[in-house]
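Thank you all for coming; I would like to take a few minutes to walk through one structure with you. Please have it open as I speak, so that you can find each place for yourself.

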Number of protein chains: 2
Amino acid sequence: MGRAGLLAGPGEYDYRRPLNNCEHQSLTSISISPVLLCGGSGTRLWPLSRADMPKQLQALAHEETMLQATALRTATNSNDLQFEAPLVLAGEGHRFLVVEQLLHVGCPPRAVILEPQGRNTAPAVAIAAHWLARAGTPDALMLVMPSDHLIGNEEAFRAAIADAAPAALAGRMVTFGITPSEPATGYGYIEAEGDIGPVRRVRRFVEKPDEETAVAYVARGMMWNAGIFLFKASAYLEALATCAPEVAKAVDDAVRIAEIDGMIFRPGGAEFAACPSISIDYAVMERSDKVSVVPVDMGWSDVGSWDALWRVTAPDAEGNVVRGAGALIGCRDSLVRNEGGPFVAALGLEGMVVVATGDAVLIAPRERSEDIRKVVDRIEDEGYELTRTSHEVRRPWGSYRSLGQGVGWQVKRIAVKPGGQLSLQKHARRAETWVVASGVAIVTVEQVRKQIGPGESIFIPVGSVHRLENPGPEPLELIEVQQGGYLGEDDIVRLADVYGRTA
Amino acid sequence: MGRAGLLAGPGEYDYRRPLNNCEHQSLTSISISPVLLCGGSGTRLWPLSRADMPKQLQALAHEETMLQATALRTATNSNDLQFEAPLVLAGEGHRFLVVEQLLHVGCPPRAVILEPQGRNTAPAVAIAAHWLARAGTPDALMLVMPSDHLIGNEEAFRAAIADAAPAALAGRMVTFGITPSEPATGYGYIEAEGDIGPVRRVRRFVEKPDEETAVAYVARGMMWNAGIFLFKASAYLEALATCAPEVAKAVDDAVRIAEIDGMIFRPGGAEFAACPSISIDYAVMERSDKVSVVPVDMGWSDVGSWDALWRVTAPDAEGNVVRGAGALIGCRDSLVRNEGGPFVAALGLEGMVVVATGDAVLIAPRERSEDIRKVVDRIEDEGYELTRTSHEVRRPWGSYRSLGQGVGWQVKRIAVKPGGQLSLQKHARRAETWVVASGVAIVTVEQVRKQIGPGESIFIPVGSVHRLENPGPEPLELIEVQQGGYLGEDDIVRLADVYGRTA
């Protein structure tokens with residue numbers, strides 16, 4: 001598809017006439033539907049971030065996870081902006097965690113759209129737009145936000161949204177251009193036309209530059225492309241149909257046969273699989289002539305590396321950022337983060353990153369932290385589970401982690417939330433002994449169901465149907481000792497599951 | 001005590017007449033009693049080396065521990081040298097491990113002398129000399145060796161011993177002077193008089209020099225003082241009585257009331273406590289005029305730091321020395337050692353040391369590895385057990401380690417050797433559940449004694465008298481789940497113990 005034919009289209013928005021519209025809207029309050037993109041599985045923050053627990057689900061810089069912080073950012077209405085509950089796009093494997101995290105901060109999602117496969121942002125956003133259309137609001141304003149960014153100045157962000165809304169209502173697709181703090185080479189840049197008003201027409205999007213080019217971009221007043229957008233659902237779908245019709249078609253097909261299960265929205269897997277994997281920038285923003293940009297300086301960071309996290313966190317007098325069990329002696333400008341790993345003793349480090357978890361520790365110069373991909377690739381090549389599965393594995397009923405293993409045995413600590421219950425299951429090749437460490441358990445083994453408390457134990461022979469429940473009200477912690485010639489997680493037959501995981 | 005009066009003494013040995021003696025001795029074979037100094041509790045190789053498992057009991061560079069390697073060095077007789085079984089000097093807390101390690105390599109000790117307190121080497125060697133005198137061999141040749149050194153060229157060492165023996169038999173106290181490979185500042189130096197023959201009179205001992213002085217020492221042909229000595233027991237005791245009478249007196253008193261229990265020799269604690277803490281160098285060698293030195297170039301290292309270990313180990317093409325689970329990407333000249341810690345991912349390290357264990361990981365520039373004392377001090381100040389107790393705690397019956405803990409509970413893995421048995425014991429504040437992971441256990445709880453196998457478990461209520469045994473022949477691995485408000489190791493009453501630990 002050529003771009004020339006797309007330069008002039010119907011419904012062109014005149015950015016020189018926003019004032020009346022803007023005043024009118026601020027009086028009546030504009031309704032906005034946040035769309036949280038939560039589908040990433042990035043491992044640039046390995047070993048903390050893993051496929052089963054990616055960056056957006058981690059509490060990297062604050063108490064809240066990045067997803068929670070993103071949801072909270074648009075959880076409070078103001079005079080001029082009224083936010084709906086968020087639509088969330090996530091992978092199947094993260095759905096329980098996503099919902100749990102959002103409920104935990106009082107931001108229940110309006111819907112969770114499960115992407116059958118990762119197909120990048122253009123198709124994901126299209127599904128959300130369809131969802132809004134099917135909800136009877138085809139002209140709803142969508143505020144599309146990656147859920148793994150930090151924004152230091154949320155007031156500035158809200159002001160930028162208020163600035164962008166009238167243009168979006170008028171049919172423009174508005175992106176937010178971050179005022180660069182340095183000539184970064186890790187982001188795409190946006191160039192605006194003219195310099196009048198808060199909403200400017202986009203001249204061009206450019207890819208990540210080299211260092212020299214980045215300096216020139218910053219000198220010309222170009223902005224970072226943060227991947228945050230505001231537009232009407234209808235405007236996006238129209239633009240997509242024009243700019244990337246094969247994407248529009250595949251999404252149409254997938255949405256038409258979507259399954260709806262409460263707040264869960266599942267597009268058709270085979271249809272979605274046929275969709276090209278393409279970013280919203282490349283599929284629409286770079287091709288459409290209806291794109292505007294609102295410049296904003298809001299303390300934004302995508303925390304794309306451990307170095308970036310060090311940069312956005314206030315260091316101590318020696319320039320160190322430390323979290324978790326450890327001691328630093330004579331260290332400078334270093335990040336030491338310990339999330340359940342062994343005690344970290346750091347001596348004489350300068351500009352280093354040390355990240356420890358229960359099963360892996362990363363050590364690298366801070367300036368090399370962009371290269372962590374190489375570490376992850378190497379470990380994946382060698383077949384380790386370390387990049388896919390977190391040491392503490394989350395499940396809808398709670399979590400578990402391996403405490404230790406030997407020849408023919410493994411010990412796990414299983415934590416079950418009050419009211420939680422594991423699936424009714426059996427194992428072909430291992431026996432298990434459960435010992436209650438704290439709390440109360442209801443255990444079922446074959447036909448017998450009984451309650452056991454701290455210090456009580458029960459044996460589950462190979463092949464026996466069994467289930468574990470926490471009747472509450474306290475959390476349950478249980479030690480499981482497994483015995484058998486094969487102890488893999490895949491030796492499980494789920495006969496029934498309250499979380500629908502038997503399919 | 002002044003030194004001037006000691007310069008000329010009786011029985012001066014003439015180093016210009018060794019030939020006849022030497023030939024005579026080599027025909028008849030000289031008997032030598034190795035004395036292994038195993039009392040150190042150094043933490044310069046923390047986190048691997050700890051108070052309960054110091055460097056000499058660790059397998060640092062080879063399959064054998066340093067103590068084992070030291071014992072094996074004098075385990076084989078040759079034409080001219082005939083070695084007795086070793087006398088070992090060790091602390092009470094290490095006695096089981098010392099004996100176990102020596103038996104494991106077929107070097108049963110002749111006696112294990114337990115130092116009631118650490119009082120440095122002069123008193124320790126004196127006890128060994130007394131032991132030999134009491135055994136009816138006051139003129140036995142003692143080969144005093146620290147048990148935490150590496151010697152690459154054992155042939156050279158044996159040749160040096162053969163060279164030294166005639167002088168020692170004639171009453172000299174012979175030290176071995178290591179040919180320096182560099183102007184090291186970490187060792188004391190020895191200056192010899194003249195340069196004739198393999199055995200030279202010592203002009204002086206000097207303390208660890210600064211760098212400039214070290215260069216001058218090396219240029220003058222001075223040698224490192226390795227703390228290895230050969231002398232007659234009687235010669236040492238005489239010299240001690242003259243040079244350090246207060247040490248001689250305290251040791252006499254302590255030895256006079258020593259308890260003997262099989263191969264265990266326990267000097268009187270209060271008497272020994274009254275002894276000054278002083279090294280053999282300072283108490284005797286620097287003060288006596290009967291001291292000679294045999295120069296030797298034998299690939300010696302005291303492995304006094306992680307840097308030293310890196311230097312004595314053959315690195316790979318990138319200069320890295322790697323042991324244990326980990327991946328190095330773009331690293332150079334680094335030591336990565338993982339002994340049961342989490343997977344170590346090292347990216348872009350240059351000249352670094354990373355040492356991981358199950359409960360601590362150290363990261364430092366290699367050149368700072370002499371400063372690990374600072375790390376250990378800091379951790380001790382903060383009250384962590386990390387410098388005293390190893391993650392895997394050795395006991396005469398086997399070992400245990402903590403697998404995890406929570407509020408009110410802890411899980412341990414207990415390994416019991418075939419035939420091993422824990423003490424008959426009880427706990428005032430915790431209950432325990434034992435689950436057999438592999439092997440077979442005989443468990444006693446109050447009046448009931450029974451055998452349980454893999455997957456079987458037993459509950460031990462608070463206050464119940466209990467015991468765990470491994471009837472063999474396989475090793476026993478057992479998971480212990482503890483519950484209680486207090487879970488410290490000191491909540492134990494030992495009622496009976498086959499290893500004599502109830503006292």
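This is a predicted model: local features need pLDDT of at least 70, side-chain atom pairs count only at pLDDT 80 or more; totals for chains, interfaces and linings use all residues.

How many disulfides does a search of the whole structure find? The search, taken over all chains, finds zero. B:Cys275 is accordingly in no disulfide, and its nearest cysteine sulfur, that of B:Cys243, lies 14 Å away. Like the cysteine I started with, B:Cys275 is buried, and its relative accessible area is 4%.

Let me turn now to how some of the helices of chain B are packed. As a general point, two packed helices are described by the angle between their axes and by the distance between those axes. If you look at helix α4 of chain B, residues 121–134, and helix α7 of chain B, residues 233–243, you will see that they pack at an angle of about 135 degrees, with 9 Å between their axes. That angle makes α4(B) oblique to α7(B), and their crossing is left-handed. On the side of α4(B), the contact is made by B:Thr121, B:Ala122, B:Val125, B:Ala126, B:Ala129, B:His130 and B:Leu132, while α7(B) brings B:Ala233, B:Tyr236, B:Leu237 and B:Leu240. Sorted by class, this contact has nine nonpolar residues, two polar ones and no charged ones.

The second pair is helix α2 of chain B, residues 66–73, with helix α3 of chain B, residues 95–104, and here the packing angle is about 50 degrees, with the axes 9 Å apart. Again this makes α2(B) oblique to α3(B), but the crossing of α2(B) and α3(B) is right-handed. The residues that make the contact are B:Leu67, B:Gln68 and B:Ala71 from α2(B), together with B:Val98, B:Gln101, B:Leu102 and B:His104 from α3(B). By class, the contact of α2(B) with α3(B) divides into four nonpolar, three polar and no charged residues.

Let me stay with α3(B) for a moment. Which of its residues are buried? They are B:Arg95, B:Leu97, B:Val98, B:Val99, B:Gln101 and B:Leu102. The elements of chain B that cover these buried residues include α2, as well as the strands β1 (30–38), β3 (87–91), β4 (111–115), β12 (264–266) and β21 (393–395). Just after α3(B) comes B:Gly106, which takes a positive phi of about 70 degrees.

B:Val303 is not a glycine, yet its phi is positive, near 45 degrees. B:Val303 sits in the loop between β14 (300–301) and α11 (306–312) of chain B, and it is buried, with a relative accessible area of 0%. B:Glu446, also not a glycine, has a positive phi of about 55 degrees. You will find B:Glu446 in the loop between β26 (441–445) and β27 (448–452) of chain B, and at 38% relative accessibility it counts as partly exposed.

As for peptide bonds, the one from A:Gly472 to A:Pro473 is cis, with omega near 0 degrees, and A:Pro473 lies in the loop between β29 (466–469) and β30 (476–484) of chain A. In chain B, a cis peptide bond joins B:Gly472 and B:Pro473, with omega at about 5 degrees, and the place of B:Pro473 is the loop between β29 (466–469) and β30 (476–484) of that chain.

Is A:Ile442 buried or exposed? At 13% relative accessibility, it counts as buried. If we leave aside its neighbours within four places in sequence, A:Ile442 is in contact with A:Arg449, A:Lys450, A:Gln451, A:Arg467, A:Leu468, A:Glu469 and A:Pro471. By contrast, A:Ala135 is 307 residues from A:Ile442 in sequence, and the two are 42 Å apart in space, C-alpha to C-alpha.

Technical notes: Residues are numbered from 1 along each chain as its sequence is written. Chains are lettered from A and ligands numbered from 1 in the order in which they are written. Side-chain values use heavy atoms; hydrogens and water are left out. A disulfide is a pair of cysteine sulfur atoms within 2.5 Å. Buried means under 20% relative accessible area, exposed over 50%, partly exposed in between (1.4 Å probe, protein chains only). Axes are lines fitted to C-alpha atoms, for helices over the stretch in contact, and angles run from 0 to 180 degrees between N-to-C directions. Helices (H or I, at least four residues) and strands (E, at least two) are DSSP runs, numbered from the N terminus. Angles under 35 degrees count as roughly parallel, over 145 as roughly antiparallel, 65 to 115 as roughly perpendicular and the rest as oblique. A crossing is left-handed if the near helix is turned anticlockwise from the far one by less than a right angle, and right-handed if clockwise. Contact means heavy atoms within 4.5 Å. Ala, Val, Leu, Ile, Met, Phe, Trp, Tyr, Cys and Pro count as nonpolar, Asp, Glu, Lys and Arg as charged, and the others, Gly among them, as polar.
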